[in-house]
Amino acid sequence: MTKAELAKKISQDTGLEVSATMAAIESFMNNVKASLKDGEIVTLRGFGTFGIKHRASKAARNITSNTTIQIPERDVPHFKPSKEFTL
């Protein structure tokens with residue numbers, strides 16, 4: 001499902017305009033990104049938790065040139081679904 005399809009589905013369920021729904025989805029995504037950049041955890045009870053995981057630097061192999069490269073450490077976004085979030 002794309003963001004546009006999600007906005008259309010939510011607008012059908014709520015009766016809001018698609019443009020207003022798209023603006024709400026964009027605002028949600030921007031606020032989650034900003035919170036994660038600030039080091040905050042975003043928890044949506046009954047849905048899940050957005051957080052940051054730190055990846056340490058590591059050595060990797062470039063198999064085409066048979067050389068070792070160093071991948072730098074970095075922080076990556078992470079989502080952990082809640083126990084109520086079942087399929």
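Helices (H or I, at least four residues) and strands (E, at least two) are DSSP runs, numbered from the N terminus. The model is predicted: local features need pLDDT of at least 70, side-chain atom pairs count only at pLDDT 80 or more, and totals for chains, interfaces and linings use all residues. Residues are numbered from 1 along each chain as its sequence is written, and side-chain values use heavy atoms, with hydrogens and water left out.

**Exercise 1.** State which pattern of helices and strands the chain follows, and find how its radius of gyration compares with the globule rule.

*Solution.*
Step 1. Two helices and five strands are present.
Step 2. In sequence order they give α-α-β-β-β-β-β.
Step 3. The radius of gyration (taken over C-alpha atoms) is set against the globule rule, 2.2 Å times the number of residues to the power 0.38.
Step 4. The chain has a radius of gyration of 19 Å, well over the 12 Å that the rule gives for 87 residues, so the chain is more spread out than a compact globule.
Step 5. Along the principal axes, the C-alpha atoms fill a box of roughly 55 × 30 × 30 Å.

**Exercise 2.** Describe where S82 lies and which residues S82 is in contact with.

*Solution.*
Step 1. S82 belongs to the segment after β5 (74-81).
Step 2. Buried means under 20% relative accessible area (1.4 Å probe, protein chains only). S82 has 18%, so S82 is buried.
Step 3. Contact means heavy atoms within 4.5 Å. Apart from neighbours within four places in sequence, S82 is in contact with G46, F47 and G48.
Step 4. With G46, the side chain of S82 reaches the backbone oxygen at 3.3 Å.

Notes:
Buried means under 20% relative accessible area, exposed over 50%, partly exposed in between (1.4 Å probe, protein chains only). A polar contact is a pair of N or O atoms within 3.5 Å; within protein, one must be able to donate a hydrogen and the other to accept it, and residues adjacent in sequence count only if both atoms are side-chain atoms.
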